[in-house]
Structure formats: C-alpha cells, structure tokens
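My notes follow in the order of looking.

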Amino acid sequence: MQSPFALAAVSVLASVLIAVLTVVTEGTSLPLWARALTIVLALPISVGVVWALMLVPKLRAVGRRLAATVGLRAVRSAFMHVNPATKPVRVEAVDDTAALIVPADSRMGIGAAFVVYDADDEEVGVVEVKRIERGEAVCPVVSRGSNEMWNNLEARMDKDDSPPDFRVRLQSSEEARTSAVAALQAWRAQR
C-alpha cells in the first residue's frame with residue numbers, strides 16, 4: 001500500500017496541475033468565476049480521489065474475507081446435504097467390540113468408514129461397515145478417539161443397548177469437507 005505522504009504529494013501535484021492548466025489556458029472557454037471555482041475545488045477533489053484509491057486494498061481484503069465466509073458456509077451446507085449425519089439406533093457387541101447399528105442408506109457399503117461425532121460435534125472415533133442386514137448397517141469401532149468413552153459403552157452394552165448421542169458421517173466426504181474448508185481459510189488469510 002502507498003504511504004499517505006506519497007498520496008498527499010500526488011494529490012497536491014494534481015491540484016497544482018489543474019490550477020496551472022486553468023490559468024495558462026486563461027480559461028478561454030470559462031468565465032472568471034468558473035476558473036476560480038476550478039482552482040478552489042481541485043485540491044479537495046484530488047485529495048478525495050487519492051483517499052478513495054487508498055481504500056481499494058482495504059476493500060479487496062474485506063471482499064476476500066466476505067467471499068471466504070460465504071464460501072465456508074456454502075461448503076459446509078453442500079457437504080451436509082450430500083453427507084447427512086445418521087444417528088445410530090442401538091449398540092451391540094461384535095467380536096467383543098462395540099458396534100453402532102445404523103439405518104442403512106445408499107452410502108453404506110461393506111468396508112465404508114464413518115466418522116463418529118458426539119453431542120458437542122467432537123470426533124470420538126471411526127466405525128466401519130462390517131455387514132448390512134434387515135436395512136441396518138453393523139459398524140464396529142475401528143479407531144477410538146476416546147478409549148474411556150468406548151470402554152464405558154462396551155461395559156454397559158449387555159444391560160443397555162441404547163446408543164449415546166452420536167452421529168456418523170461418511171469419512172471420505174468428511175476428509176473432502178475438511179480439505180475444502182482448510183483451503184478457503186488459507187485463501188481468506190492471504191492479504
């Protein structure tokens with residue numbers, strides 16, 4: 001960005017140039033009052049133009065931040081639309097490991113990995129579809145974000161098969177969303 005002193009110098013130079021041109025041409029096509037008005041208005045007009053030019057980089061930065069914010073919201077909405085959260089219906093043991101039972105949909109194929117989120121939208125682990133039967137996908141945990149939480153879940157499975165307040169989302173889409181959000185945030189951080 002230009003220094004304010006350089007911009008002020010350009011402004012004064014432009015004002016002087018307008019004044020000199022008005023005097024040199026003797027305002028042949030202008031009456032005396034119009035020449036005087038041109039000279040008097042030259043300085044504030046040129047200062048205003050230079051000041052507006054100083055704002056252009058700031059306006060670009062504001063525009064970039066606004067575009068990134070709108071982009072982030074659009075990316076999140078788009079991914080939520082194509083990768084909606086699914087709530088487990090119950091928990092059961094599969095090979096002595098906790099497995100979330102999730103209503104099956106078109107995204108669920110054998111081996112598909114799903115990220116598990118808790119009520120606070122924190123990632124608590126990853127489950128993988130082991131089998132699909134009667135419209136439900138059986139998804140044992142393959143990666144534990146919180147061992148204690150999963151161990152507590154496994155300890156109560158025999159007595160209570162109700163799932164905690166979890167949601168699962170397809171892992172590959174979550175990775176794509178994370179990458180898109182990171183790219184937009186990096187673009188917004190540029191000055």
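In which sense do strand 2 and strand 6 pair, and over how many bridges? I found strand 2 and strand 6 (residues 136–144) antiparallel over 5 bridges. Strands here are DSSP runs of E, at least two residues long, numbered from the N terminus, and two strands pair if DSSP finds at least two bridges between them. Pro103 has Glu136 in strand 6 as its bridge partner.

I noted that this is a predicted model, with local features needing pLDDT of at least 70, side-chain atom pairs counting only at pLDDT 80 or more, and totals for chains, interfaces and linings using all residues. Residues are numbered from 1 along each chain as its sequence is written, and side-chain values use heavy atoms, with hydrogens and water left out.

I then checked the other neighbour of strand 2. Strand 1 (residues 90–94) pairs with strand 2 in the antiparallel sense over 5 bridges, and Arg90 is bridged to Ile101. The two strands form a hairpin with 2 residues between them, where Asp95 has a positive phi of about 55 degrees.

I looked up burial next (buried is under 20% relative accessible area, exposed over 50%, partly exposed in between; 1.4 Å probe, protein chains only). Strand 2 (residues 97–103) has 6 of its 7 residues buried, so it is largely enclosed by the rest of the structure.

Last, I took salt bridges (a side-chain nitrogen of Lys or Arg within 4 Å of a carboxyl oxygen of Asp or Glu). Glu92 bridges to Arg90 at 3.9 Å and to Arg131 at 3.7 Å. Glu92 is in strand 1 and Arg131 in strand 5 (residues 131–133), so this pair ties together parts 39 residues apart in sequence.

Technical notes
Helix = DSSP H or I, 4+ residues; strand = E, 2+ residues; numbered from the N terminus.
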